[in-house]
Amino acid sequence: MSRLAQQPGERIDRSQPVSFTFDGKPAAGFAGDTIVSALYAGGRRVFSRSFKYHRPRGELCGCGQCANSLFQIEGAPGIRGCSEPIREGLRVVHQNAWPSLDFDVMRATDRVGGPFTPVGFYYKTFIRPRRLWPVYEKVLRSAAGLGRLPRRQDEREWETEYRRRRCDVLVIGGGAAGLAAATRAAELGADVVLCDEDAVLGGLLGIEGGHERVRELEGRARDAGVEILSGAPALGFFDGLVPVWQGSTLHQVRADQHVVATGAIQQPLVFADNDLPGVMLSGGARRLAAAYAVKPGERAVVATVDDRGLDDALALSAVGLDVVVADLRPDAGGGELAGRIRAAGITLLTGHTVVRAQGRDRVERAVVAKVDARGRALGDGSTHDCDLIAVSGGSAGALSLLLQAGGRAIYRPEIAGFAVTELPAGLHAAGAAAGHDRAEAVEVSGAIAGAEAAAALGRSPNGVADARERLAQLPAAAPVATPPAQASDGGRRGKAFVDLDEDVTVKDIKRATLEGYDSLELSKRYTTVTMGPSQGRFSQLPAARVLAAETGLDLGTVGLTTARPPWSTVPMGVLAGRPLEAAKRSAVHRRHEELGATVRWAGDWRRAYDYGDPVGESVAVQAAAGIIDVSTLGKLLVRGPDAGELLDRLYPNRMSNLAPDRIRYGVTTSEAGRITDDGTVCRIDDETFYVTTTSAGVAGVEQSFTWWLETWGLNAHITDLTQGVAAMNLAGPQARGVLTGLTDLDCSAEAFKYLDARHAEIAGVPCMLLRIGFVGELGYEIHCPSVNAEHVWDAIVRAGSKVGLRPFGLEPQRVLRLQKLHVIVGQDTDSEMTPYGAGMDWIVKLDKQQDFIGRWALEHTAAHEPSVRLVGFTTPGGELPTEGAVVLGTDGAPEGQVTSARRSPRLGQVIGLATVPAALAGDGAQIWISDAGRRIAATVTTKPFYDPEGEVLRS
């Protein structure tokens, strides 16, 4: 174990031990540990195998930025172990190694296959013979990859919620600069959102011992009203939209002003075998110690080109490591830190750097030497026993988001890296992303950026001038030495890696340059440098240095590769989001859930199919009373002087001669005369009609009605009331009595006849009542404002409970309507069905003076017998055919199909609707139904099975 004593500001909770498994073996840590910190504390140093050569790799950054510790976690590949927290029972498996992480047979690629796998070898080696390419491709695809997707996955849905957030200022980065910026902008009255990819705010300040200051800054930000999203990386800039991923939520943030405070990324150094486990960024080693109380080694060589490396060396020494520092600068910066290093008794080798790491599968020694401008060792140097080489090759500002948003960067020799030089309007940079490296300067620059963002919104930029003056008076940044493209002791053995993700070496980039790929963009595509999971965070600057050395160009000319989103690794499921289907629910949907309804899809509505007893529900409707929610019906108000004329042109039957407060059934047809929808039309007054449509058809009907209205130029307008008006159907022999107890309306058969409409209050709520009966019983369709729907529903249910009223669902309704041979458009009709084929010859009024949609086609159809007709049927043998089963013609060929079929508890037999050959569409005709190998005999009927004369409906 290498766990340290308790550290100030550590993230682990030692009172909560956590057990998990790694490659099937037990492992342990504490709540707050990451996978890597827990395994590192337990003694493991190898966490993965490299992509191409399968070399052992240890931890590099300690913060989720590198690809050196990718794991397979419960079927998901590519999880970054240095940022993924452990949890009880977690199953962690290594990647990219077989048969085990410690013994990988593919390591042979590195040991003996190097000469056969130069950069671009797959382009050159497998081009001939071309006929063998399928074999090569299979082998390459099998060997490639950084993980394996599971062959089988029970649950493939990604439960990501989308949240749209509009704010004044979005601050990206939760370090000192970001917190200061967010606080200042919020204090000036801006609505501010701050996001940071780390689960704990504070950035580098928190790791370097400033956790108390971090708590103070975070407290101020929250008090100022800043919305803080932690563990939430910003993925990129997309024309003003910044997606921020936080767990199961993808925040889609649009802001007027953006502050980018993403900090800087510590860079590695390039030397022979610089990928050995134990070669780590000095900041990563320090993070292990400070955040997770893990001792990163016993003896360390810290190789640095800047003051950050010296500061990290002091921190490592303070936790008990024996440290030697090799600083490339001749005077080690000549500042306070160099003096503190010497005062602490740490060996300081100025003008030196590491030129080689030595060890079999992990660091055992470091060779340190002075080097010339090209990185070649001057003399033999010295060898130091160690188990940790902590490197600091300078810092590269995390500029990708700035560049995606339209910013520009130039190379600055004094910082040995690129810095932002130009920002578009509405974008502000702060902290290390703006080139400030000292803690005080970082915080001040953040406050300035926040104030400037608020000023751009019209808030007063209080204190900006003073803050700028204070920033200018702060000491200049410490000098940084420019690392060589490669530090070398002149030996030929050992690979010097520029890109650890893709196993790209200095030699690879040199070879690519000789072959003509002498720009960074071309080299990137040929060698794949910067194209790995780290997206060039640790390889772009080293690659540019190698290319500059080979071409003789300066780094400013070599430049940077194009920054593209996403900046942070994100699962594809997050971008796809939750599988969404637009779901509509009626105003009384909650009541159905309370009653234990079986809720299913009906078009884009969620409807109650039954309440657990569909047979009992249908029996109750015919024995006493029932109530069904029909709010899903489309409801259109057609109003105006030409409203009647419009409806006459849209329907094949007449609507303009309807008397006020009367109802008529109608179907709409296409220009080809095919049925497209059906419903009722109620005339309210001379210029107003209330039209109902099928649940799934209202959008298409409204669009069609509106299109024709504009085409014909009639004086009328159409309003969709579907969502604002609820409807319920009260039906059954006791329905009149139930309704009478809830209204002052005269509900007698004489005063309120079949197909009448009335306006009245039901339980104190103004309603419109339609005397219609889709289920074949005495019925009242009650339409009321959706806001009052629950009240009306509850009143009817209470009143009806005395006579046995039961709510009934869609399934009982389908049985009841089938007894009356009532058609469901879209189920009993298809795209070729005309009113004549559906047995609705009576609805087409060819003697109308007005032209109407589909008239010519229906005139033609009326003169020719349809090939099939929709009829009812029963099965004498009691067999229930499947809906969609084939109806056979007289010659045994398929000539129709079953559209609906149910067992009727009232009739005690199987009933249904089917399309049959016209020759067989007469009462008593015998037909055969072929259904999954069965031949079912059936008898045709053209009249309703129940109440054929409509006496019950009119009672």
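## A guided tour of the predicted model

Strands here (E, at least two residues) and helices (H or I, at least four residues) are DSSP runs, numbered from the N terminus, and two strands pair if DSSP finds at least two bridges between them. Leu70 has Arg80 of β6 opposite it. The hairpin of β5 and β6 has 2 residues between the strands, and Glu74 takes a positive phi near 50° there.

The model is predicted: local features need pLDDT of at least 70 and side-chain atom pairs count only at pLDDT 80 or more, while totals for chains, interfaces and linings use all residues. Residues are numbered from 1 along each chain as its sequence is written, and side-chain values use heavy atoms, with hydrogens and water left out.

**Stop 1: the largest nonpolar core**

Select Phe71, Leu170, Phe271, Val325 and Ile389, which touch the most other members of the largest nonpolar core, a set of 130 residues. A nonpolar core is a set of buried Ala, Val, Leu, Ile, Met, Phe, Trp, Tyr and Cys residues joined through side-chain atoms within 4.5 Å. Buried means under 20% relative accessible area, exposed over 50%, and partly exposed in between (1.4 Å probe, protein chains only).

Centre the view on Ile389. Apart from residues up to four places away in sequence, Ile389 touches Phe271, Gly278, Val279, Met280, Val301, Val354, Ala357, Val363, Arg365 and Ala366; contact means heavy atoms within 4.5 Å. A second, separate core has 31 residues, among them Phe752, Leu778, Trp793 and Ile796.

**Stop 2**

Move to Val279, in strand β14 (residues 279-281). Val279 has 7% relative accessibility and therefore counts as buried. Beyond its neighbours within four places in sequence, Val279 is in contact with Glu59, Leu60, Phe271, Asp273, Asn274, Ala357, Val363 and Ile389. Ala799 lies 520 residues from Val279 in sequence and 80 Å from it in space, C-alpha to C-alpha.

Next select Ala272, in the loop between β13 (264-266) and β14. Its relative accessibility is 4%, so Ala272 counts as buried. How far apart in space are Ala272 and Phe497, which are 225 residues apart in sequence? The distance between Ala272 and Phe497 is 7.6 Å, C-alpha to C-alpha. Leaving aside neighbours within four places in sequence, the contacts of Ala272 are Val355, Arg356, Ala357, Ala487, Arg493, Gly494, Lys495 and Ala496.

**Stop 3: a helix pair**

Show helix α5 (residues 176-187) with helix α7 (residues 211-223): they pack at an angle of about 25°, with their axes 9 Å apart. Axes are lines fitted to C-alpha atoms, for helices over the stretch in contact, and angles run from 0 to 180 degrees between N-to-C directions. The helices α5 and α7 are therefore roughly parallel to each other, a term for angles under 35 degrees. To display the contact, select Ala176, Leu179, Thr183 and Glu187 of α5 together with Val214, Leu217, Glu218, Arg220 and Ala221 of α7.

**Stop 4: helix α21 and its cover**

Select helix α21 (residues 643-650), where 6 of the 8 residues are buried, so the helix is largely enclosed by the rest of the structure. The buried residues are Ala643, Gly644, Leu646, Leu647, Asp648 and Leu650. Their cover includes β31 (634-639), β32 (662-669), β33 (675-685), β34 (688-693), α22 (698-712) and β35 (717-720).

Within this cover, turn to β33, which is mostly covered itself, with 8 of its 11 residues buried. Strands β32 and β33 run antiparallel and are joined by 8 bridges; Val667 stands opposite Asp678 in β33. Their hairpin has 5 residues between the strands, and Gly673 in the turn has a positive phi of about 80°. On to β34: β33 and β34 pair in the antiparallel sense over 4 bridges, with Asp685 opposite Thr688. The hairpin of β33 and β34 has 2 residues between the strands.

**Stop 5: the barrel**

Finish at the closed barrel of 6 strands, which runs β41-β44-β43-β42-β45-β46 with antiparallel pairing. The twist averages 40° from one strand to the next. Strand β41 (residues 868-874) and strand β44 (residues 909-917) run antiparallel, joined by 7 bridges, and Thr874 has Ile911 in β44 as its bridge partner.

Note on methods: Angles under 35 degrees count as roughly parallel, over 145 as roughly antiparallel, 65 to 115 as roughly perpendicular and the rest as oblique.
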